[in-house]
Amino acid sequence: MRYLRSDAGRLALDEVARHRLAGPTLIADIASARAQFGERSAVLVETVMLRRKAAAKFADAAGWLFTDEALQQATAGPVAEHRAQRLAGAVVHDATCSIGTELAALRNRAAYVVGSDLDPVRLAMARHNVPDVPLCRADALRPVTADAVVVVDPARRSGSRRRFDPRAYLPPLDELLEVLRDRDHVVKCAPGVDFGVLGELGFEGEVEITSLAGSVREACLWSRRFTEALVRRRATMLDTAEQVTDADPDDCPVAAAGRWIVDPDGAVVRAGLVRHYAARHGMWQLDADIAYLSGDRLPDGVRGFEVLDQVAFSERHLRQALSARGVGAVEILVRGVDVDPDALRSRLRLRGSAHLSVVITRLGSGAASRVTAFLCRPSR
């Protein structure tokens, strides 16, 4: 660590970064680094490769220090920036600061920010990555601040394995919420966290589900100070800068497909706000229990599927309908039906030059239930 932060280490990193370190030159590049830097080559190569990998998460990671696990666990830059905006003007204590990714966003928004962590290696990296933020070594279950808003990101992985029970986080969520019961707090959780379990643990604030680049990134628990009246669930879609909450109207009918079918953003689905989202955009559900929506126009910036035809689903009927249109490539979306899109695509054995999307879903319930396939033209 000391070497990487030294002038000699920085020059060595610059030299190693000249290599491609990928594809057919990887072995030769590593051998060249080993010949030039000896036993230090391994950490130099790893740091350069982690910085390149980090570019997908952060706008400027060129001079940062990482471990592979810390990088995997780090919050993507836009998500951290969104959280920092909600904390603008507050005094904030990041009690699991790790390598400093949240601190980098908070220092530009908060009135004052301090970080702490138990891991001495990650803390040393944070000192390098965000040198203008005060840091100390401390346990998140024993906050060293009195009046600051406490931000905590419990570890949700053990090596490559995910921890699904929030009571198995490190530190455990039940213990965290008990410690922070009388404090303003923000706690990151896995996006699939069970809302029922949160209620059992006594959490009464807002759960915000955030998506970025079409993927649900996290659930974030906000204590009462940061919640709006009546809001307990929020979906935040950073791609379109849109938010939907459970305080919004949800008067959404169920009707047959119109011009477009929309598969709502995962944050909307995970937050249980499909009807609220539909009502906002003048859409309706195809089925009361299925997340697919339909409408005569698309919300701005949202990918949709223009309905060309629909058939009662069977592989034979679908193959015939696609073959009649000369379809050779097909995107398959499925909800409410036990169909493997990849396996079905292989069995269809399509030949042709056209490309379409197929939306397969169950409509109705009980004896009236039927599986329908919609042949669609994607908007993009």
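**Stop 1: a pair in the sheet**

Select Val151 and Val186. Val151 stands opposite Val186 in β7. The strands around them are β4 (residues 149–152) and β7 (residues 185–189), which pair in the parallel sense over three bridges. Pairing here requires at least two DSSP bridges between two strands. Helices (H or I, at least four residues) and strands (E, at least two) are DSSP runs, numbered from the N terminus.

This is a predicted model: local features need pLDDT of at least 70, side-chain atom pairs count only at pLDDT 80 or more, and totals for chains, interfaces and linings use all residues. Residues are numbered from 1 along each chain as its sequence is written, and side-chain values use heavy atoms, with hydrogens and water left out.

**Stop 2: the whole sheet**

Now show the strands. Nine of them form an open sheet with mixed pairing, in the order β3-β2-β1-β4-β7-β9-β8-β10-β11. Look at β3 (135–137) and β11 (242–245): each stands at an edge with a single partner strand, so one side of each has no neighbour in the sheet. From one strand to the next, the twist averages 20 degrees.

Contact means heavy atoms within 4.5 Å. Axes are lines fitted to C-alpha atoms, for helices over the stretch in contact, and angles run from 0 to 180 degrees between N-to-C directions.

Next, select helix α8 (residues 120–129). Helix α8 lies across β2 (112–117) and β3, running at about 170 degrees to β3.

**Stop 3: the hairpin**

Select β10 and β11. In which sense do β10 and β11 pair, parallel or antiparallel? They are antiparallel, over four bridges. Thr236 stands opposite Gln243 in β11. Four residues lie between the two strands of this hairpin, and Ala241 in the turn has a positive phi of about 55 degrees.

**Stop 4: helix α2**

Which residues of helix α2 (residues 7–16) are buried? Select Gly9, Ala12, Leu13 and Val16. They cover an arc of only 100 degrees around the axis, which puts them on the same side of α2. The arc is that of the directions from the helix axis to the C-beta atoms. Buried means under 20% relative accessible area, exposed over 50%, and partly exposed in between (1.4 Å probe, protein chains only).

The buried residues of α2 pack against α1 (2–5), α3 (26–37) and α4 (41–54). Turn to the face of α2 away from its buried side for the exposed residues Asp7 and Leu11.

Follow the chain on to Leu21, in the loop between α2 and α3. Leu21 has a positive phi, near 55 degrees, and is not a glycine. At 4% relative accessibility, Leu21 counts as buried. Just after α3, Gly38 takes a positive phi of about 60 degrees.

**Stop 5**

Most residues other than glycine have a negative phi, and most peptide bonds are trans. Select Leu170 and Pro171: the peptide bond between them is cis, with omega near -5 degrees. Pro171 sits in the loop between β6 (161–162) and α9 (173–179).

Then pick Arg349, in the loop between α14 (341–348) and β17 (354–363). Its phi is near 50 degrees, a positive value in a residue other than glycine. Arg349 is exposed, with a relative accessible area of 58%.

**Stop 5: Met283 and the cysteines**

Select Met283, in the loop between α12 (274–280) and β13 (284–285). Met283 is buried, at 3% relative accessible area. Beyond residues up to four places away in sequence, Met283 touches several others, including Cys252, Pro253, Tyr277 and Leu293.

Stay with Cys252, which is buried, with a relative accessible area of 6%. Its sulfur is 18 Å from the closest cysteine sulfur, in Cys376, too far for a bond. Cys376 is buried too, at 0%.

**Last stop: zoom out**

The protein has 14 helices and 18 strands. Its C-alpha trace spans about 65 × 55 × 35 Å along the principal axes. Buried residues make up 47% of the 380 residues.

Terms used
Disulfide = S-S within 2.5 Å.
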